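Let's take a friendly walk through this structure together. Have the viewer open and follow along as we go from a pair of helices to a set of strands.

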Amino acid sequence: MRAPTGASVPLIDDPRRVVRLPSRLALAVLIAVAALGAVSALEPLLGRPYYFPAFAGIVLSAVLAGRRAGLVTTLVFTAAYAYWFLDPRGHFAMKGPHESAALAAYTVTGFFVAWVGGTLRTLYARVRSEHRLLETTVSQREDILRALTHDVRSPLNAIAMHAALLERAEGTDPGVARRARAIRTSVVAIDVMLQDLVKVVALESGQVVLERAPVELHALLDHVRERLGGVLPMERVEVQVPRDLPRLHVDPPRLERVLVNLVSNALKYSEGPVTIDAASRDGEVVVSVRDRGTGIGPEDLPHIFQKYYRAGDARQREGLGLGLYISRLLVEAHGGRIWAESTPGQGSTFHVAIPAAPAPAPAHPAHR
Ligand code: ADP
């Protein structure tokens, strides 16, 4: 069997490497002898010939040492059985055409069984080798991403910090301050993309475990404002969320991440005001982020939550097409739903529905 195309990983699980050719033939003969012993021992006990051990031996031989070994086991077994166990014993003479036909039928069945066993063995070796290749690829991808987050993000953070210092330093020329702010915004955008790549790997490999806690939507939105303020024009964002909403039972940083994605998209793809509102209905809290920007065409709308999907006109702006995909995975991990409505030229509204936290059980009278 050949390694799969492009495979650089040796077939370390190929059983042929475990048993070499002379030993494979010896093994085939040994198994045939053992099967012969088992058949001859069972015959007087059962009062009739019983060939199961022979077929089991052929399969074992083919699985351990390949199709050819299975064929050798079949031939050795059939020849030895005909020679020693069929009358006249110690001769190859058959009693008649029916006995020769039966023996031929057993031999053909044995060949078929050997072929099936050998095929199973080949398939197993291929699956194992492809599995190894996949594991190597996944671990290489994780290594690269780890290097990206660790080695690339540290200098990026240093650039952002110095740009912020320059921007805020007393006596900085307004033109220089504007450029420093532009540098900081770009660095933050690169950092978000790097984080998105890492997050996708973590989410897809099931490494993210939600740590739920009861939380007010208002508190989450305050955090979002804090995180994006100074980087994005948050003065365009208006929050119209009622104070009496039920608490959410969510992983706060993860849901905050979803809101950050939606708010930053709304600011990125529009020039005007962005509104965040929320309502409680049917046991869910639905948060909506509305912008009056470019909108999304009906041909793109069904795909925007897919990995790497970017609508045609979005490609002029920075982004990887991962933000909404990550948001969908995070919302679904919370048992919620995310969807969008949009009218091209008029704007888009993104909705996130999260099950409301179960009401705390009333205290038992004895514990009041
Ligand atoms: P990115 O913004 O990095 O391209 P996202 O996954 O956040 O990736 O969004 C996927 C695509 O959905 C975007 O490329 C854009 O075409 C579209 N999109 C998302 N949010 C909006 C929005 N508020 N207005 C218009 N288009 C949007």
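In this predicted model, how are helices α2 and α4 oriented relative to each other? Helix α2 spans residues 21-46 and helix α4 spans residues 67-84, and their axes cross at roughly 40°. Angles under 35 degrees would count as roughly parallel, and 65 to 115 as roughly perpendicular, so α2 and α4 are oblique to each other. Their axes come within 8 Å, and the crossing is right-handed.

Now zoom in on the residues that build this contact. From α2 come R24, L25, A28, V29, I31, A32, A35, L36, V39 and E43, and on the α4 side they meet A69, V72, T73, V76, F77, A80 and Y81.

Next, let's turn to the strands. Strand β4, residues 274-281, pairs with strand β2, residues 237-240, in the parallel sense, and 4 bridges link the two. To find this pairing on screen, look for V239, which stands opposite I276 in β4.

Strand β4 also pairs with strand β5, residues 284-291, this time in the antiparallel sense over 8 bridges. Here T275 has R290 in β5 as its bridge partner. Which residue takes a positive phi in the hairpin of β4 and β5? That is D282, with a phi near 50°, in a hairpin that has 2 residues between its strands. As you trace the strands, keep in mind that side chains in a regular strand alternate between the two faces of the sheet.

Terms used
Residues numbered from 1 in each chain as written. Predicted model: local features only at pLDDT ≥ 70, side-chain atom pairs only at ≥ 80, totals over all residues. Heavy atoms only, no water. Axes fitted to C-alpha atoms, helices over the stretch in contact; angles between N-to-C directions. Parallel < 35°, antiparallel > 145°, perpendicular 65-115°, else oblique. Left-handed = near helix turned anticlockwise from the far one by under 90°. Contact = heavy atoms within 4.5 Å. Pairing = 2+ DSSP bridges.
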